[in-house]
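Dear colleague,

Please find below the structure for your review, together with its sequence.

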Amino acid sequence: MNEMTQTNTTQINPLGTEPVGRLLRRFAVPSIVAMLVNALYNMVDQIFIGHSIGELGNAATNVAFPLTTSCTALALLFGIGAASAFNLSMGRGEKDKALYYIGNAAVMMFGSGIVLFLIAELFLDPMLIFFGSPDNVLGLAREYVRIVAVGFPFLILTSGGAHLVRADGSPNYSMACNLTGALINTILDPILIFGFKMGMTGAALATITGQIISAFLVFRYLRHYKAGPFTREHLRPRMIYLGYAMTLGMAQCFNQLAMMLVQIVMNNSLRHYGALSVYGEAIPLACSGIINKVSFMFFAFCIGIAQGMQPIASFNYGAKNYDRVKKVIFLSLSAGQIICITAFCLFQIFPLQITALFGNGSDLYFSFAERYFRIYLFFTFINNLQPMSSTFFSSIGKPKKGTFLSLTRQIIFLLPLLVILPLFLGIDGIMYAGPIADCLAAVISGIFLAGELKKMGTEAL
């Protein structure tokens, strides 16, 4: 492609011409809402379950959470990957090629959800035990997941499809898709759980109802895609397109898979070392579930900003507008830093008040939750660096660096610490593993990002 084609593409597409700050707000806000909705699906259920069932109900949703994380991993693998490939292709002026990434991704998202649903239904009890479920929690977890699994294809299409919609320049519609499902879930939860006294079953039915309606809205948009109509050829999976898209989405996917692995190890460690402590098996599991979901609620802001940055960075890197690429990463980091500092203050000052939102519990329950909040989340104020850097490298077509950075916190640092520290510190070792991993991952991410920005400055000369 010659320079004139690149110039014309940049002039036509607002990603290459509009002020970067305005673009980031327009794309990041819907992304943040989408991530918050994903967090709300689980957190709202846990709030109502905590008030209706108590500690065991909270423990059950925590045991089931790795399956939800696996859905998010698949959504990001195909959603972020295809969106990045689409925007990079559009930045190069390759419109016809770009549509294949979107069509292939949409088909794979729904199909992978069906496969995950079948696996969950066929191997439910062994999976829940593997995820760390104690005997007194297994029945509640089984009741919840048996129904929630029906919604896996719709959850993946909604979560991943939001990136496809946003890549097409419709961030507000993307936000509406996710927000609609969350509102429906929030409205139905108290009606089914308390009004119809359906407990875990009611929470699960409320969740999948919202997911199905959100997925329908995504499907409706894809039928009228602004970049062009889809043909059967666009929808036929082909590795030439899927392979490239998956490499670009691999960093975010691996990050979620790493989170799932850490959740499983952590649940089993909490159950084991909790049984050896005054807290018992269920209290650490319940508190961990609450703290992970609350922290993800704030972490969703950083991830949403990073995802909002993605189409801007991808397009301008493809068009070699390096000044705009650097500006969007600096603005994204600044916004994420404000969010992380705010979250740090809330976690350190109001841990008991936050825990109380999820229902009542014993004195030991609140005591453990308070210590967990303050220790495990101590380095929250620098947690924006790792997801920002990982998403940035994937967005500019450097998936190996993005994948490596996505694995630093969860796999390279946190997982070994979760195994080693409790051997010496007992259940406290699990708490201290978090801040150590956060600090090391932030340092590595900062070094990689600084090097890339310096390199772009040299290429621009």
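Helices α13 and α16 are roughly antiparallel to each other, because their packing angle of about 155° falls in the range over 145 that counts as such. Please note that this is a predicted model. Helix α13 covers residues 322-349 and helix α16 covers residues 385-395, and their axes lie 10 Å apart. The crossing of the two helices is right-handed. On the α13 side, the contact is made by V325, I329, S332, L333 and G336, while α16 contributes L385, M388 and F392. By class, six of these contact residues are nonpolar and two are polar, with no charged residue present.

Searching the whole structure gave five cavities of 30 Å³ or more. The largest cavity holds about 430 Å³ of space. It is lined by 26 residues, of which M259, S295, F299, R409 and Q410 are the closest to its centre.

Which helices supply at least two residues each to the lining of the largest cavity? They are α11 (239-275), α12 (282-318), α13 and α17 (399-425). Helix α12 gives the most, with seven residues. The lining of this cavity comprises 15 nonpolar, eight polar and three charged residues.

Yours sincerely

Methods:
Residues numbered from 1 in each chain as written. Predicted model: local features only at pLDDT ≥ 70, side-chain atom pairs only at ≥ 80, totals over all residues. Heavy atoms only, no water. Axes fitted to C-alpha atoms, helices over the stretch in contact; angles between N-to-C directions. Helix = DSSP H or I, 4+ residues; strand = E, 2+ residues; numbered from the N terminus. Parallel < 35°, antiparallel > 145°, perpendicular 65-115°, else oblique. Left-handed = near helix turned anticlockwise from the far one by under 90°. Contact = heavy atoms within 4.5 Å. Nonpolar A, V, L, I, M, F, W, Y, C, P; charged D, E, K, R; others polar. 1 Å grid on protein atoms, 1.4 Å probe; cavity = no way out; pocket = protein on both sides within 12 Å on 5 of 7 lines; lining within 4 Å. Points joined across faces, edges and corners; volume = space filled by probe spheres on them.
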